[in-house]
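Here are a few friendly notes to read with the model open beside you.

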Amino acid sequence: MQTKIELIESIEREYTNLQAALGGLSEEQLHRPGVVGDWTVKDVLAHIAVWQSRLITSMFKIEKDFKPETVEAQADVDRLNAQWYREQKDRDFEQIWDDLDSSYHQLLKRLDNWSDDALFDPKRCKWMKGQPFAEYVLGDSAEHYAEHAAQIREWRKTITNDYGKFLIS
């Protein structure tokens, strides 16, 4: 991937893929644990929305020449995931979905302000240690959607619908 257009196309494609993985799930199934550990589909979507919102904040900071807060150690990622799970778990699905969808559109809008050079120059963000900022964007958007869409699809193979038929998409 070398251009902003390709980056955006990847984000859009994987967001559509994530939405397709949700197709046909009932309200009860959206709240059934086991998708990732004890997490429900709703919890997974909240998780994606929080990381995506953090990405948007990072982009804003970089635009203003500030270094964003970064997470490098897996233990820190796990700690944040646990903290955000506790903060989000009692929210309504509609609120979670609104957060996910609005942050997705905010991400696309924020990317309008970025040039190919700003996204793909490995020297622009020194804290990225030689990687272009586009890698950060991908990790908290397209790659994140793809990871969790695959997990949702795998989980669907283990559950049945209200008629006793397995849900496989």
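1. A word on burial before we start: a residue is buried under 20% relative accessible area, exposed over 50%, and partly exposed in between, with a 1.4 Å probe and protein chains only. By that scale K61, at 25% relative accessibility, counts as partly exposed.

2. Please keep in mind that this is a predicted model, in which local features need pLDDT of at least 70 and side-chain atom pairs count only at pLDDT 80 or more, while totals for chains, interfaces and linings use all residues. Residues are numbered from 1 along each chain as its sequence is written, and side-chain values use heavy atoms, with hydrogens and water left out.

3. K61 has a partner to look at: its side chain forms a salt bridge with E69, with 3.9 Å between the closest N and O atoms. (A salt bridge here is a side-chain nitrogen of Lys or Arg within 4 Å of a carboxyl oxygen of Asp or Glu.) E69 is exposed, at 52% relative accessible area. The structure holds six salt bridges.

4. Next comes R110 with E63, a salt bridge whose closest N and O atoms are 2.5 Å apart. R110 sits in helix α5 (residues 93-111) and E63 in helix α3 (residues 41-63), so this pair ties together parts that are 47 residues apart in sequence. (Helices are DSSP runs of H or I, at least four residues, numbered from the N terminus.) E63 is partly exposed, with a relative accessible area of 27%.

5. R91 and D99 also meet in a salt bridge, at 2.6 Å from N to O. Both ends are partly exposed: R91 has 23% relative accessibility and D99 has 31%.

6. Now the rings. Rings of Phe, Tyr and Trp (its six-membered ring) pair if their centres lie within 6.5 Å; planes under 30 degrees apart count as stacked, over 60 as edge-to-face and the rest as tilted. The count comes to 10 aromatic pairs. One of them joins Y15 and Y145 edge-to-face, 5.4 Å centre to centre with 65° between the planes. Because Y15 lies in helix α1 (residues 4-22) and Y145 in helix α8 (residues 142-156), the pair ties together parts that are 130 residues apart in sequence. Y15 is buried at 2%, and Y145 is buried at 0%.

7. Do look at F133 and Y136 too: their ring centres are 5.2 Å apart and their planes at 20°, so this pair is stacked. Both belong to helix α7 (residues 133-139), three residues apart, about one turn of the helix.

Conventions:
Helices (H or I, at least four residues) and strands (E, at least two) are DSSP runs, numbered from the N terminus.
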